[in-house]
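The structure is shown below, and the description follows it.

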Amino acid sequence: MKKILILAVMMLTTMTVSAQMRAGSWAVMPKAGFNLATVTDADDASMKFGLVAGADMIYQINEPLAISFGVLYSMQGAKAKVKEGGVTIKNKLNMDYVNIPILANFYVTRGLALKAGIQPGFNVKHKMKVESGGSSVESDIPNFKSFDFAIPIGISYEISNFVIDARYNLGLTKLWDQEGSSSKNSVFQFTLGYKIPFGWFQN
């Protein structure tokens, strides 16, 4: 009896992993995860941890191809640590965006997809926090641009309607108008989502 139960679980798992949305069907996918973000062309900048959350709407065009439209609240930025006169100064760039990724999803096998697309974004926070000698000061970043544009590329894997997604967002827009500065966003993003289909699945 135990062997039969184990076999049944294995068969169910296999069927669930290999499930594929039918052409012409829709799904919504709430998702959440984290970013490892930094900015390019900035001295001593290192990656900053931040959260990301939102949802995707997915349309299955045909068996190997789907398109997704998302809205994500994304905490980005960078951090740096420098020493001046024996004093350690910590700088943290906190930038929050509402991003709208639009991606083509190419299924190389059932459940495994490569993806690429475009991502307009709208800045809702841009603060610089400076910590030194036990005190901290936070201020707005001057001449900051409210619009951002990035190219997301990544990979995802689906199992039992859970989707693990890893992508890199390559920023193409300068973050602020300042002579000699060309800093752009650079973000590694990792999320876990749950796909809720509208319509039937086919094996």
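## The largest cavity

In this predicted model, the lining of the largest cavity comprises 7 nonpolar, 4 polar and 4 charged residues. The space inside the largest cavity amounts to about 120 Å³, and of the 15 residues that line this cavity, those closest to its centre are Asn105, Tyr107, Lys115, Ser156 and Val163.

Two or more lining residues come from each of the elements β3 (48–62), β4 (65–84), β6 (102–109), β7 (112–132) and β9 (147–159), and the most is given by β9, which contributes 3 residues. A search of the whole structure returns 3 cavities of 30 Å³ or more.

## The second largest cavity

The second largest cavity holds about 40 Å³ of space, and its lining is made up of Gln76, Asn99, Gln119, Asp148, Ala150, Asn169, Gly171, Asn185 and Val187.

## Asn99 and its surroundings

Asn99, one of the residues lining the second largest cavity, belongs to strand β5 (residues 87–99) and is buried, because its relative accessible area is 2%, which falls under the 20% cut-off. The side chains of Asn99 and Gln76 are joined by a polar contact of 3.1 Å, and Gln76 is likewise among the residues lining the second largest cavity.

Beyond its neighbours within four places in sequence, Asn99 is in contact with residues including Gly70, Val71, Leu72, Gln119 and Phe122. Asn99 also contacts Ser74, which lies 25 residues away along the chain, with a separation of 6.9 Å between the two C-alpha atoms.

Notes: Residues numbered from 1 in each chain as written. Predicted model: local features only at pLDDT ≥ 70, side-chain atom pairs only at ≥ 80, totals over all residues. Heavy atoms only, no water. Helix = DSSP H or I, 4+ residues; strand = E, 2+ residues; numbered from the N terminus. Buried < 20%, exposed > 50% of the residue type's maximum accessible area, 1.4 Å probe, protein only. Contact = heavy atoms within 4.5 Å. Polar contact = N/O pair within 3.5 Å; in protein donor to acceptor, adjacent residues only side chain to side chain. 1 Å grid on protein atoms, 1.4 Å probe; cavity = no way out; pocket = protein on both sides within 12 Å on 5 of 7 lines; lining within 4 Å. Points joined across faces, edges and corners; volume = space filled by probe spheres on them. Nonpolar A, V, L, I, M, F, W, Y, C, P; charged D, E, K, R; others polar.
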